[in-house]
Amino acid sequence: MPSLRLKTKLVIAISGMVLAIVATLSTLYLSKVVRLRMLQTLDDGQFIAHQIFSEARDPLEIALSDTNVDFSDPKQVETVIRDVLRKDSGITSLLGSIVGYSPTIQDAAVTNNEGRALVHTSPSFLGGIVNRREDFASIVSGGIWKQLKIIYGPAQVYDVHEPLEINGNPFGEIRVGVSTVLLKNQIQPVLNQALIFAGGSIVICLVLAALLSNFALRPLAAINRRLDLINSGQVEVAEAPARPADEYGAVASKIDRLGRQMRDAKEIFSALKENLDQMMANLQDGVMLFTSDF
């Protein structure tokens, strides 16, 4: 496999360095944006759950204290709570306005310990078992890659949970559903802009790296041409002019000195060769050969 040219290696090195910087900064920016939006959505869900709890607490306390409720009978307690939640106008109006409060909230419900919906923003779920969905808090703390997978993956709904207790005993929970469809509509435009910026930065980096490599390697190309000319004898090395005090000037001065040394060595060699040729020519006229008989 042929080795890469120096210019190609330099372009790859510069591009790789800038790519690493752009990727790191883009990841930090994306994680910050996504995390802030996730935290805001979690706060919205928790706020709605607290609102439902606050709205239901007073009617439930009044109903459970004014009626002869056998707290040892879970069915009787559930019946009283269900009737209060469904008949209270404040809870009904609150559940009716929840979906429009935040664009990321899909539904809300109050369930018992078995997951049966006592009240729900959708009337079709009343009295039925509501499937338990993954806690949205685990998504917020799950890391940037898990969050990006949710944003760019298929639509899902997660729950924000708030436990519900009656007289210190767990009775059920308040569930607020968070839709990733609505969440993606809010976050994806920002993420797409960031990805486009990162891609454009990489392309610009490649172009600048190519230009920079050409500029940086231009002195080497000039030195290579000068060495070729000196080696072929097409350039007569003169006294070296003053060079700037940089790397290129130092290398050029050394090349000039080497050129002068090569010229001097060539002149000496030519003079010796000429003398040797004259000596050999003179010896040819005076050489005598003798046999063993003499």
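User: Hi! Which side chains meet Glu 173 and Arg 175 in a salt bridge, and what is the N to O distance?

Analyst: Glu 173 and Arg 175 pair with each other through their side chains, at 2.8 Å from N to O. A salt bridge here is a side-chain nitrogen of Lys or Arg within 4 Å of a carboxyl oxygen of Asp or Glu. This is a predicted model, where local features need pLDDT of at least 70, side-chain atom pairs count only at pLDDT 80 or more, and totals for chains, interfaces and linings use all residues. Residues are numbered from 1 along each chain as its sequence is written, and side-chain values use heavy atoms, leaving out hydrogens and water.

User: Is Arg 175 buried or exposed?

Analyst: Arg 175 is buried, at 6% relative accessibility. Buried means under 20% relative accessible area, exposed over 50%, and partly exposed in between (1.4 Å probe, protein chains only). Glu 173 is buried too, at 11%.

User: Thanks! What does Arg 132 form a salt bridge with?

Analyst: Arg 132 bridges to Glu 173, with the closest N and O atoms 2.4 Å apart. The two are 41 residues apart: Arg 132 is in the loop between β2 (117-120) and α4 (136-140), and Glu 173 is in strand β4 (residues 169-179). Helices (H or I, at least four residues) and strands (E, at least two) are DSSP runs, numbered from the N terminus. Arg 132 is exposed, at 55%.

User: New topic: which residues are linked in a network of salt bridges?

Analyst: Asp 107, Arg 133 and Asp 159 are.
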